[in-house]
Amino acid sequence: MTVLENTYTADNIFKTDKKRVLSGIQPTGILHIGNYIGAISVWVQKQHEFNNLFMIANLHALTIPEAVKADVLRHNSRMVAALYVACGIDPDSAVIFLQSDVPGHAYLSWILGCCTPMGWLERMTQFKTKSEQAESVSSGLFTYPALQAADILIYKANFVPVGEDQSQHVEITRDIAQRFNHLFGECFPLPQGLYREAGARVMGLDDPTAKMSKSVAETRKGHAISLLDEPSVIKKAIMSAVTDPGSEVRFEHASPGVKNLLVLYEVLSGESRPAIEEKFAGKGYGFLKRELLDQVVRTLEPIQKRYREITEDERYLDDLLANGAAKARAIADQTVAEVRRLTGV
Ligand code: TYM
């Protein structure tokens with residue numbers, strides 16, 4: 001595959017006229033089952049309804065620079081791209097690209113940052129939590145939402161399929177778009193978040209009161225199930241997952257740990273809640289855990305096989321990302337030109 005930079009224009013990237021989706025993941029660690037369920041599986045399921053752009057948010061990964069090692073970031077960025085495809089994103093129709101390969105994101109982020117009152121950024125819960133945990137807080141972490149708004153608005157995306165933890169980011173993106181449109185003239189559609197009914201917030205297996213997180217998974221074994229974990233590792237994590245002293249397996253009134261396991265089982269098996277409750281009635285948490293293990297391994301096996309195939313061929317990923325970047329740039333450049341015209345810069 002060669003890069004057809006000059007043949008891409010904003011109007012010929014997608015073959016049919018459909019609503020547009022943009023979403024992305026930070027390459028800050030190995031993706032886990034929460035990322036898969038909350039985000040990627042929704043992208044895969046809905047990919048034929050929309051024209052899709054899926055980004056690897058490597059510029060966002062720099063907002064905590066103390067945690068970054070260049071080689072690891074480079075490797076993780078490619079890993080995330082490979083996992084998108086391994087999980088079932090069709091690389092021939094979706095645009096898959098690195099955020100840093102499209103300079104318009106950082107450019108538009110500056111302009112949108114100028115339209116974003118400090119108070120809006122101060123209210124972001126992700127900023128509050130992350131800055132409490134960090135030794136020093138970068139201004140990039142503070143203005144993170146302006147870059148995320150740029151990611152979405154530069155493609156005039158209509159929908160943003162994400163996990164529940166990102167809803168505040170989608171809301172502020174709408175607010176920023178509205179403020180830009182008000183100040184400079186109609187430019188951006190207001191994007192909507194797309195969330196799962198069940199599984200939009202997968203909790204940590206070792207602590208079901210906190211969401212499963214890539215960065216926590218780096219240091220705490222048994223916290224998450226990574227998409228590349230071997231069955232023996234997955235088994236350990238699931239079998240030692242926190243439950244409660246009881247044994248009744250029901251969705252209603254379940255403790256956070258049991259609810260989390262049940263929701264994971266529900267989403268991966270596709271079975272209905274009544275069917276699940278009937279299946280597990282009187283059988284205790286051990287049985288639930290073993291059945292869940294079976295579902296997880298069955299889900300991840302083909303993903304891991306495809307991942308190995310993709311990563312064996314370096315050129316394949318190079319071409320995929322180069323073409324994705326060329327396509328994304330064609331669309332982004334058009335929006336940047338419009339924004340320049342409207343703002344007078
Ligand atoms: P990130 O990298 O933290 O997470 C990637 C996606 O996975 C979802 N997710 C979860 N879903 C369910 N349960 C969980 N425990 C869980 N943990 C993570 C997230 O909601 C997300 O959909 N700021 C974003 C990256 C980003 C982005 C964007 C997303 C940058 N620009 C533009 C959408 C559009 C983030 O840090 O996601």
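# Exercises on cores, a helix face and a loop

The largest nonpolar core has 63 residues, and Ile33, Tyr84, Ile96 and Val296 have the most contacts inside it. A nonpolar core is a set of buried Ala, Val, Leu, Ile, Met, Phe, Trp, Tyr and Cys residues joined through side-chain atoms within 4.5 Å. The model is predicted, so to speak of local features requires pLDDT of at least 70, side-chain atom pairs count only at pLDDT 80 or more, and totals for chains, interfaces and linings use all residues. Residues are numbered from 1 along each chain as its sequence is written, and side-chain values use heavy atoms, with hydrogens and water left out.

**Exercise 1.** Determine how the buried residues of helix H10 are arranged around its axis.

*Solution.* 
1. Buried means under 20% relative accessible area, exposed over 50%, and partly exposed in between (1.4 Å probe, protein chains only).
2. In H10 (residues 231-239), Ile234, Ala237 and Ile238 are buried.
3. Seen down the axis of H10, these buried residues fall within an arc of 95°, so they line one face of the helix. The arc is that of the directions from the helix axis to the C-beta atoms.
4. The face turned away from the buried side of H10 carries the exposed residues Ser232 and Lys236.
5. The cover over the buried residues of H10 includes H13.

**Exercise 2.** Describe the surroundings of Asn158 and the backbone of Lys156.

*Solution.* 
1. Asn158 is located in the loop between helix H7 (144-153) and strand S4 (159-161), and Asn158 is buried at a relative accessible area of 18%.
2. The side chain of Asn158 reaches the backbone nitrogen of Arg20 at 2.7 Å.
3. Not counting residues up to four places away in sequence, Asn158 touches Lys19, Arg20, Pro189, Leu190, Pro191 and Gln192.
4. Lys156 lies in the loop between H7 and S4, and Lys156 is partly exposed at 24% relative accessibility.
5. Although Lys156 is not a glycine, its phi is positive, about 50°. Most residues other than glycine have a negative phi.

Methods. Helices (H or I, at least four residues) and strands (E, at least two) are DSSP runs, numbered from the N terminus. Contact means heavy atoms within 4.5 Å. A polar contact is a pair of N or O atoms within 3.5 Å; within protein, one must be able to donate a hydrogen and the other to accept it, and residues adjacent in sequence count only if both atoms are side-chain atoms.
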